[in-house]
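This report describes selected local features of a protein chain. The sequence and the structure are shown first, and the description follows.

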Amino acid sequence: MTARGRVTLGVLIDSLGPDVIRPLVLPNGRRPLAGAPVIYEPEEQMAGLDGAVLLVTGRPSAETVARAGESRVAAVVVKPGGADLEALTAAASASGAALLAAPPELSWGQLYTLVDALLAVVAPAGDPGGARAGDLFALANEVAIRVGGAVAIEDVAMRVLAYSTVEGQPIDELRREGILGRRVPEHPTNTEEYAAVMRADGAVWSYEPREFYPRLAIAVRSHGEALGTIWAVQAEEPLTSDAAVVLAEAAAAAAPHLARINLAADEARRRRDECLGWLLRGMGAVDELAASFGLSPGEPLTVVSLGPANGTADVFAASHAADLLRTTYLAYRIRAVTGVVDGRAHAVVAAEACTPLVRRITADTLARVGERLGGGWKAGIGRTSDGVATLRTSARQAEEALRALCGRFADEPVGTHEELSAALFLTDLDGALRANGSLRGEPLALIAAHDARHGTRFVHSLSVWIAAHYDVPRAAELLSVHPNTLRYRLRRIGELVPLDEPDTRLVLALQLRLNGDTKPVP
């Protein structure tokens, strides 16, 4: 049983499985509805937590559990190590809040993501006439029992929609990472393996990556359209002899569920991304758009733009990056709106861009995106605007910062527009000059031609001298020559070009920097 945006405690417990969460006490049984997860510090106030799944950090107390019940929290999740379980369960029984336990090795951020992703899968089921997405978890468990191996159901973007939680069925690290990240981890063999499954008329075996268990997989289709896949893990014990038939039956049963989930999710995502694009461009009734996203029109807002270092990302990768960023911000109670605009992941954050927390969790998200999607991802941050009326300026600056980070003149994964002003200038200048060949033209060309004719290394000596901020002793040390030797070389270079003129030095420094011939000297 589900309601839009919520699931019953029974669905929550069964879907996540005993390796993720287990009940300690359920005062009102498995039927109460549980909603959004909230990471809670014990010293915080409890407000607006009706139906929440409260993830209590630190050492939980009976008082916290009792207050959670008074605040109509659906469930309190604790890590039992060092806690007085008897006192906690007594407080939960008296207050009416369910008490659940999470394993110590599971981070609160990972648990938050799992609960949030479960709600995202089930939420479309609240639509009138819609198939219950929660039934996919029941289907995964049924298939796992019948075939004798753990089962996962995915959409075409390799997002894990549901998975089995049958006790005693082993899984490998690939499956575990897929569950925790809600997406199959990036691997060089993914493309061909999934293509083979999609091409096949029935179930086929997948033996890649070789370091993990083999899998029997089948495509889920409706009227010829691919909707997703179902995967059964074969561990030490072989799958049942009729496993292929069972998977074919499961694919037919899953098709209407996936069709409805995909349709609802695609429409909601399309509408959200469209509205976010209007907000970032300052189009339409921006105050109303901001309010629809839960943002106050007059509050400070900052835009963050994400993209891979190579500058290209498909819509699935960008959507996944945006989803990860949203759940990470929410886990720290940072209000943010995320989506995909013009092929890039964007976030509008109700926080100052320079706060260490925003920067740190953005960098952490980039690392997770890179692990799952491959490639080095970057995040550009615009200046904080004073409201939605000037948000488009922050959006433009975030895009410019991202462009600078993806260029040759910045190495950090995250950067603000003001930090990257020099790198952005060099990036723009490089693009403007490279096409007409002036980067290798005079005056640098005159010195390079001399090197070519006479076997000298004047260009190298010049680049080291400039990188050392024109400090002759320091540059000579780096070149392993006597300072007088370097002074002689500089005089000889001065005979080729007017090295004493400031403009000549500036142009040579830019030519060498843009050609990659100079690097900062420590």
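## Placement of Ser 385

Where does Ser 385 lie? Ser 385 is in the loop between β17 (377-381) and α12; helices (H or I, at least four residues) and strands (E, at least two) are DSSP runs, numbered from the N terminus. This is a predicted model, in which local features need pLDDT of at least 70 and side-chain atom pairs count only at pLDDT 80 or more, while totals for chains, interfaces and linings use all residues. Residues are numbered from 1 along each chain as its sequence is written, and side-chain values use heavy atoms, with hydrogens and water left out.

The relative accessibility of Ser 385 is 6%, so this residue counts as buried. Buried means under 20% relative accessible area, exposed over 50%, and partly exposed in between (1.4 Å probe, protein chains only). Leaving aside residues up to four places away in sequence, Ser 385 touches Glu 299, Pro 300, Leu 301, Thr 390 and Leu 391, where contact means heavy atoms within 4.5 Å. Glu 352 is 33 residues from Ser 385 along the chain, and the C-alpha atoms of the two are separated by 8.9 Å.

## Salt bridges

A salt bridge is counted when a side-chain nitrogen of Lys or Arg is within 4 Å of a carboxyl oxygen of Asp or Glu. This rule gives 19 salt bridges.

One of them joins Glu 400 and Arg 396, with 3.2 Å between the closest N and O atoms. Both belong to helix α12 (residues 391-405), and because they are four residues apart, about one helical turn separates them. Glu 400 is buried at 18% relative accessibility, whereas Arg 396 is partly exposed at 43%.

Another salt bridge links the side chains of Arg 176 and Glu 173 at 3.1 Å, N to O. These residues are three apart in helix α6 (residues 173-181), which again means a separation of about one helical turn. Arg 176 is partly exposed, with 35% relative accessibility, and Glu 173 is partly exposed with 38%. Glu 208 also forms a salt bridge, with Arg 210, the closest N and O atoms being 3.2 Å apart. Here Glu 208 is partly exposed at 28%, while Arg 210 is exposed at 61%.

## Packing of α2 and α3

Helix α2 (residues 62-70) packs with helix α3 (residues 85-95) at an angle of about 15°, their axes being 8 Å apart. The two are therefore roughly parallel. Axes are lines fitted to C-alpha atoms, for helices over the stretch in contact, and angles run from 0 to 180 degrees between N-to-C directions. Angles under 35 degrees count as roughly parallel, over 145 as roughly antiparallel, 65 to 115 as roughly perpendicular and the rest as oblique.

From α2, Ala 62, Val 65, Ala 66 and Gly 69 meet Ala 87, Leu 88, Ala 91, Ala 92 and Ser 95 of α3. The residues of this contact are seven nonpolar, two polar and no charged. Ala, Val, Leu, Ile, Met, Phe, Trp, Tyr, Cys and Pro count as nonpolar, Asp, Glu, Lys and Arg as charged, and the others, Gly among them, as polar.

## Packing of α10 and α11

The axes of helix α10 (residues 315-331) and helix α11 (residues 356-373) cross at roughly 140° and come within 10 Å. By class, the contact of α10 with α11 has nine nonpolar, four polar and two charged residues. Among the residues of α10 in this contact are His 320, Leu 324 and Tyr 329, and those of α11 include Ile 361, Arg 368 and Arg 372.
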